[in-house]
Amino acid sequence: ARGPRAVVAGAARDAAPFVAVSVAYLVYRFGVVEGADTHVAYRIGGGVAGVFATMWKGFGEYLLFALLPVDPQYDWYLPASRTLADPTALGWLLVHVAVLAVCVRALRRGRPLPAAAAVLFYGALLPVANWPFDLGIPTTERFLYVPLLALGLLVAGGVRAAGSRAVPAVCAAALAMGAISAVRVADWRDDDTLFAATLRSHDSVRAHTWMGGRQRALGWTLRTRAARAEDEAEAAELRERSRVAFETALGHLDAAVRGWRSQIDPWPPRYHVVAVPLVDAANTAFALGRHEDALAYADESAAVRPDLPQAHYNRAWALQRLERPGEAVAAMEEALRVGQAIDADEAVRFFVSAGQSLQRAGDDRARASLLDATTAVEEAADRFETDGLRERAFDCYQLLIRIGISAGAFEN
């Protein structure tokens with residue numbers, strides 16, 4: 001039989017190609033992906049200390065899930081830590097050190113199986129541990145696909161040591177696990193069933209964001225159907241269902257925003273994942289007629305992602321409904337400047353409405369606002385034409401004509 005050193009050396013040789021691939025991926029991740037897009041994820045716990053404290057807790061949760069019959073966990077079930085002094089994180093660190101000690105002792109006694117299982121378990125989790133690059137997800141059940149092979153190694157070793165006496169127990173456990181998996185298949189059918197199951201089990205900012213977005217889309221669909229319905233009773237029913245969908249959506253989205261605020265300090269961060277529920281919440285609050293709330297969400301989303309056109313677009317409409325047309329026009333101009341996709345009907349309706357509000361108020365900025373708006377659209381058209389997007393440029397020119405006709409004025 002080979003000694004512990006020979007076993008470790010052989011394992012290192014076998015692992016060398018995989019380590020080389022991993023190093024190459026890290027170089028690619030840092031040199032290409034992170035350099036091109038800094039909005040993919042966020043730093044768990046706010047810094048390196050928080051990352052490692054959360055990592056210790058996360059590995060502990062994975063151990064519990066692998067070894068004990070705990071409740072199923074789907075997505076994002078672990079609050080991030082912000083300091084290494086977190087008692088829970090320190091407790092789990094001691095557990096991991098104890099596992100390491102057991103593995104070292106087993107190796108010294110010529111039993112490499114526990115060490116191999118530990119390397120497989122922890123090693124497979126390292127790429128999703130939020131260090132050295134950020135995933136933005138503390139823990140999620142699907143990360144256990146490969147690490148659970150470590151449990152299989154231990155079970156196989158135990159069955160081999162116990163002999164035929166262990167076969168009935170192993171078969172019964174396999175049948176039970178198969179039955180549980182069959183029951184849970186429905187939870188994993190698609191994103192809707194997954195995130196619905198997640199929220200039945202525990203809180204999750206990603207699940208709230210997803211469900212909020214789906215309910216928001218449903219609300220708009222129902223509202224469109226209500227506007228087209230010929231029967232008034234049917235239209236009233238559709239409007240009520242739309243309102244309920246929007247209320248449900250706003251509840252989910254607000255929960256997601258509150259979840260992000262509890263995780264990230266200082267606020268606001270510059271992360272796309274944080275901006276998504278804020279943008280959707282602004283649009284949903286606007287649909288419900290809560291224009292002050294819509295503006296608050298829109299302001300926050302614009303602070304999180306000033307390069308996100310939809311954040312400024314939402315601000316423009318909320319400000320217009322709050323009878324602040326001068327600021328509304330400036331917000332829409334900013335949306336166009338950063339690349340808002342032109343919806344001709346919406347844009348015409350907005351600019352004409354804002355111009356009329358300024359004129360009713362006797363504001364001498366009405367003409368200047370119209371000129372600024374047309375200039376912004378012209379600049380967008382020039383940009384699209386330069387980029388070879390001639391259809392988009394043509395849409396802008398059509399928009400300029402429609403603004404002039406609707407407002408009764410042509411500036412250029």
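Modeller: Exposure first: buried means under 20% relative accessible area, exposed over 50%, and partly exposed in between (1.4 Å probe, protein chains only). This is a predicted model, where local features need pLDDT of at least 70, side-chain atom pairs need 80 or more, and totals for chains, interfaces and linings use all residues. Numbering runs from 1 along each chain as its sequence is written, and side-chain values use heavy atoms, without hydrogens or water.

Now the setting. The chain has 412 residues, and 41% of them count as buried. It contains 16 helices and zero strands (DSSP runs numbered from the N terminus: H or I, at least four residues; E, at least two). Take the contacts (heavy atoms within 4.5 Å) between residues at least 6 apart in sequence: 68% of them join residues at least 24 apart.

Charged pairs next. Side chains of opposite charge can pair when their charged atoms come close. The model has 14 salt bridges (a side-chain nitrogen of Lys or Arg within 4 Å of a carboxyl oxygen of Asp or Glu). Arg 258 and Asp 254 form one of them, at 2.9 Å from N to O. Both residues sit in helix α9, which covers residues 232-263. They are four residues apart, about one turn of the helix. Arg 258 has a relative accessible area of 48%, so it is partly exposed. Asp 254 has 25%, so it is partly exposed too.

Arg 239 and Glu 232 also meet in a salt bridge, at 2.7 Å from N to O. Arg 239 is partly exposed, because its relative accessibility is 42%. Glu 232 reaches 53%, so it counts as exposed.

On to the rings. There are six aromatic pairs (ring centres of Phe, Tyr or Trp, the last by its six-membered ring, within 6.5 Å; planes under 30 degrees apart are stacked, over 60 edge-to-face, the rest tilted). Phe 52 and Trp 131 have ring centres 5.3 Å apart and planes at 50°, so they make a tilted pair. Phe 52 belongs to helix α2 (48-67), while Trp 131 lies in the loop between α4 (113-125) and α5 (148-162), so the pair ties together parts 79 residues apart in sequence. Phe 52 is partly exposed at 23%. Trp 131 is partly exposed at 45%. Ring pairs also join Phe 59, Phe 121 and Tyr 122 into a cluster.

Stay with the loop between α4 and α5. Phe 143 lies there. Its relative accessibility is 17%, so it is buried. Leaving aside neighbours within four places in sequence, Phe 143 is in contact with Tyr 62, Leu 125, Val 128, Leu 135 and Ile 137. Tyr 62 is 81 residues away from Phe 143 in sequence, yet 9.1 Å away in space, C-alpha to C-alpha. Tyr 145 is found in the loop between α4 and α5 as well. Tyr 145, however, is exposed, with a relative accessible area of 60%.
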